[in-house]
Every structure is written in C-alpha cells, then in structure tokens.
Amino acid sequence: MTAPEVSILIPVRAAAAFVADALASLRAQAPVAWEAILVGVDTDPAALQAAAAGDPRLRVSEHAAATEAEALHAAALQARSEVLGVLDGDDLLEPDALATLLAVLREWPDAGMAYGRHVLVDAGGRVLGPGPLCALPYTPDALLLDFMTGPLRLLRASAYRAAGGYRAAHADAADYDLCLRLSETCTIAHLPRVTYRHRVHASAPEVARWAEGIDARYAAFVDAVRRRGLDARYDCALEIDSWHILQPRTGGD
C-alpha cells in the first residue's frame, strides 16, 4: 500500500460534538493523499468508531493513555506517512491547508516543521477574528516568550522523533512544549496565510483549563530556558497577563 502524503492525528474529546465538521474539512483536502488517526480523550469509543466508519483513510487509535499528549504520541508512532499533523476534533481546515503546507516543506527541504496562521470561530462557526500571536515573526528566541506556532503545524516525522515527540510533562501545554523542543533541533517555516479555523467554546481546553494552561506553558518555558543554558544569565518570570519574561541576572546573583 502506498504511504499517504500526510498522517493527521485528530484528538476527540468528550461528546465529540464537532468531529463531523472537522472530518468534512479534512475530506475536502483533495488532491492530498492523507490518512487520519482518531485519538479519543475521555470519549466513547463507539462514537470514534462511528465517525471513522465507511472511510478506509480513517482509523481509531486503540492505545490507552493517561494524557492527551501520551495518546497523540502513541498515534504518531502508528502513522504511515513521513509528515505528521494535528487537526483538533473541534476545529476546521481551510480547503487548501494541507496542500499549501506540504508545498512549504517541499520548498524548504531543511525545515522540520511548517505552520500557518489561523482565525478563531465560535461554536456555530462564525469568525471572531484572527488568532492571537500567529502573525508575530518567528524565531527560536521569540517562541520562548510567545506561542506563535499554532495550532496547525505539519512536521517531518524525523524532526518529530529527533525532538522527542509529545511528552507527558506539561500536559496542558503539550503543543507548546513540543514546538519549543522542535525550535531547538530544526528549522521552522512560517506561512503568512490562514490555513485553519480554531473553535472557541466553553469546553475547549484553553477555556475549561485556562489557569492550568498558563502554569503548564510557563513550566515548559522554564525547561526550555534551562535546556538552552540561558538560566546562567537570566531569571524567568510570569507576568500577571501570562506573558513570559526573561530578566537579566544582577552581578551579585
């Protein structure tokens, strides 16, 4: 069997209220050859099997995991493509999202990851505005302070493995933690156009676990500062509005 051009991991939470829309946006990605692995997160397995039924490109990960990050990592290891992506089961791809980002990876053979911009939509799909931070210029240092590389990213599987993949640490900031480690091990390409619609609703993780997400992103930031050896020169701080701060150490420290 010919390997697909891209393997898409789809975390599906709780009632799976929006997964049909997410899959419809994936099926509209012609002419890209894709496969998708549905990853249940406190979801009825029967709902996942029903969502995947009738489409041989869809399958359900059977791996039991304690966290979403561990479940996504297990699914990534099952993927048949050399390019990985994540489509949240609440969200939507723009019609040319995969083709456009795959083209970026072809044009940048040294890039391990490519990402685009996104807009926010409400539960009914109405556009609320541009995604925060995604228009900011990317550099590895800038990523320490602002998480601008999300939510749709295509990764070379080799880059994913070299960075260590999704980890259980910082479970409420698994994407940020992964992107920080990728920024330390590979080139990242930014496509300055909208490729994704991120749905904001009461049960979305960034709403339901807002405080936990702030703490987890800060902990991932501190870990990255230490990995990069910056802790010898800087102290880390978290501003009240959740901004990450690097403060130069004074001579007496």
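Student: Which residues does Tyr 166 touch, not counting residues up to four places away in sequence?

Tutor: With contact taken as heavy atoms within 4.5 Å, Tyr 166 touches Ala 69, Leu 72, His 73, Val 86, Arg 153, Tyr 160, Ala 174, Asp 175, Leu 178 and Arg 181. The model is predicted, so local features need pLDDT of at least 70 and side-chain atom pairs count only at pLDDT 80 or more, whereas totals for chains, interfaces and linings use all residues. Residues are numbered from 1 along each chain as its sequence is written, and side-chain values use heavy atoms, with hydrogens and water left out.

Student: Which residues touch the most other members of the largest nonpolar core?

Tutor: A nonpolar core is a set of buried Ala, Val, Leu, Ile, Met, Phe, Trp, Tyr and Cys residues joined through side-chain atoms within 4.5 Å, and in the largest one, of 39 residues, Tyr 166 and Leu 182 touch the most other members. Among the elements that give two or more residues to this core are β2, β4, α3 (68-78) and α7 (174-185), the helices (H or I, at least four residues) and strands (E, at least two) being DSSP runs numbered from the N terminus. Apart from it lies another core of 33 residues, including Leu 38 and Ala 189.

Student: Why is strand β1 called largely enclosed?

Tutor: Buried means under 20% relative accessible area, exposed over 50%, and partly exposed in between, with a 1.4 Å probe and protein chains only. Eight of the eight residues of β1 (residues 6-13) are buried, so the strand is largely enclosed by the rest of the structure. Both of its faces are covered, with Val 6, Ile 8, Ile 10 and Val 12 on one side and Ser 7, Leu 9, Pro 11 and Arg 13 on the other.

Student: What makes β1 and β2 a pair?

Tutor: Two strands pair if DSSP finds at least two bridges between them, and β1 and β2 (residues 34-41) have eight, in the parallel sense. Three bridges likewise join β1 to β4 (residues 83-86), which run parallel, and Leu 9 has Val 86 as its bridge partner in β4.

Student: Why do the buried residues of helix α1 count as lining one face?

Tutor: The buried residues of α1 (residues 19-27) are Val 19, Ala 22, Leu 23, Ser 25 and Leu 26. Seen down the helix axis, they fall within an arc of 155°, so they line one face; that arc is taken over the directions from the axis to the C-beta atoms.

Student: Is Arg 199 buried or exposed?

Tutor: Arg 199, which is found in strand β9 (residues 187-199), has a relative accessible area of 2% and is therefore buried. A polar atom of its side chain lies 2.7 Å from the backbone oxygen of Asp 90.

Student: What is noted about the phi of Leu 133?

Tutor: Most residues other than glycine have a negative phi. Leu 133 has a positive phi of about 75° although it is not a glycine, and its 28% relative accessibility makes it partly exposed.

Technical notes
A polar contact is a pair of N or O atoms within 3.5 Å; within protein, one must be able to donate a hydrogen and the other to accept it, and residues adjacent in sequence count only if both atoms are side-chain atoms.
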